Amino acid sequence: MSEKILLVDDEKEFLEAMSERMTNRGMDVTTALSAKEAIEKVKHENFDAIIVDLLMPEMDGLEALETFKKINADLQVILLTGNATVEKGIEAMKLGAMDLLEKPADLNNLTERIKKAKARKMILVEKHTEEKIKKIISSKGW
Amino acid sequence: MKMETEAPTDIGLRYFGKMTAAISHELKNSLAIINENAGLMEDLSLMAKRGQQLDPQRVEDLSGRVIKQVQRADTIVKKMNRLAHSVDDPIKEIDVADLLAFTMELGKKSVSSLGVDLQMTPPESPVRINANPFLVMNLFWEVMGYACTRVNGAPCITISIVRNAGGVELVFAPVSDAGHDGFSFDQAPFSGLASCLKAEILALADRKALVLTLPETV
């Protein structure tokens with residue numbers, strides 16, 4: 001099954017080219033030109049990974065990351081940045097980012113991280129399902 | 001709360017660092033687009049090798065995108081060059097509207113991240129002063145930053161340039177503290193910079209405006 005990706009960047013031409021390359025590699029890509037647009041999509045759709053630019057107008061990638069995690073704590077978020085600093089990287093990880101990659105990103109490297117994100121998300125979903133089943137079994141006394 | 005005054009050299013270095021970081025970020029964005037479009041060309045070439053037909057128009061569109069980004073990057077580098085050379089002359093004749101427009105352009109991304117739009121109303125005829133271009137840009141930026149965090153919900157700040165008897169006035173409006181009609185103003189953080197340029201900053205609470213006055217010659 002293909003990976004379902006949400007790609008968020010305020011650079012329209014970057015979104016167009018990157019999403020086409022990811023689609024060529026069999027991924028199912030949705031794009032958003034702002035963090036606000038991405039948040040609306042996250043509320044209504046499920047994604048294996050969200051790739052979001054760190055610096056965007058109105059709401060930056062870190063603020064968006066916090067909101068994504070509030071909506072769904074299992075979401076796997078990879079941040080892309082034009083000027084990575086150690087401080088920003090630490091801040092992103094503390095907020096629950098899966099990874100922070102520097103632009104221009106190598107697509108093979110990014111694809112690997114996306115596959116890891118999908119695997120991590122599947123483990124989390126399975127864990128939650130198992131917990132739910134255990135809870136039902138114990139409450140019913142079977 | 002009283003804020004501490006920063007020495008002009010410290011405040012200047014901070015400004016220079018912030019602007020070069022913004023420039024490098026913009027350059028990286030341009031490089032990322034070039035990188036993805038080169039990657040797309042590589043994808044198309046691989047597909048063509050496997051027998052898929054290659055549309056020449058598609059290749060032309062992709063190379064057009066690369067050329068556009070190269071031109072964008074060239075403009076960014078020119079801006080960086082102008083910023084770097086702004087420290088060359090201690091005193092130089094400055095076209096105030098031109099230098100303000102350049103300062104706004106350099107800081108556009110940082111300002112837009114605050115959700116505020118900056119607009120300039122230029123004077124009827126060019127207003128020129130003699131001062132240090134870098135320090136003037138730095139002061140414009142500090143006052144802009146101060147004003148942008150006191151918009152009280154207004155989406156845009158207009159900066160009007162008006163010639164006065166002894167030099168020039170830049171009026172930033174509307175500026176007001178959240179929940180108030182007026183605002184309290186403490187110019188301490190950039191008072192050292194203002195005094196280097198013999199500049200005055202006045203808070204006109206009734207007009208919801210901040211007025212920066214610069215003399216014709218420092």
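Visitor: What is the count of salt bridges between chain A and chain B?
Guide: This is a predicted model, where local features need pLDDT of at least 70, side-chain atom pairs count only at pLDDT 80 or more, and totals for chains, interfaces and linings use all residues. A salt bridge puts a side-chain nitrogen of Lys or Arg within 4 Å of a carboxyl oxygen of Asp or Glu. One of them joins the side chains of Glu102(A) and Lys28(B), at 2.6 Å, N to O. Between chain A and chain B the count is nine.

Visitor: Which helix of chain A gives the largest share of the side that touches chain B?
Guide: Helices here are DSSP runs (H or I, at least four residues), numbered from the N terminus. The largest share is eight residues, and they come from residues 12–24, helix H1 of chain A.

Visitor: How many residues on that side of chain A are charged?
Guide: Asp, Glu, Lys and Arg count as charged. The side of chain A that touches chain B also holds eight nonpolar and three polar residues. The charged ones number ten.

Visitor: How much area do chain A and chain B bury between them?
Guide: Buried area is the accessible area (1.4 Å probe) that two parts lose on being put together, summed over both. Of this area, 48% lies on carbon and sulfur atoms. The total is about 2100 Å².

Visitor: What is the mean pLDDT of chain A?
Guide: pLDDT is the predictor's confidence in each residue, from 0 to 100. In chain A, 98% of residues reach 70 or more. The mean is 90. Residues are numbered from 1 along each chain as its sequence is written.

How values were computed:
Chains are lettered from A and ligands numbered from 1 in the order in which they are written. Side-chain values use heavy atoms; hydrogens and water are left out. Helices (H or I, at least four residues) and strands (E, at least two) are DSSP runs, numbered from the N terminus.
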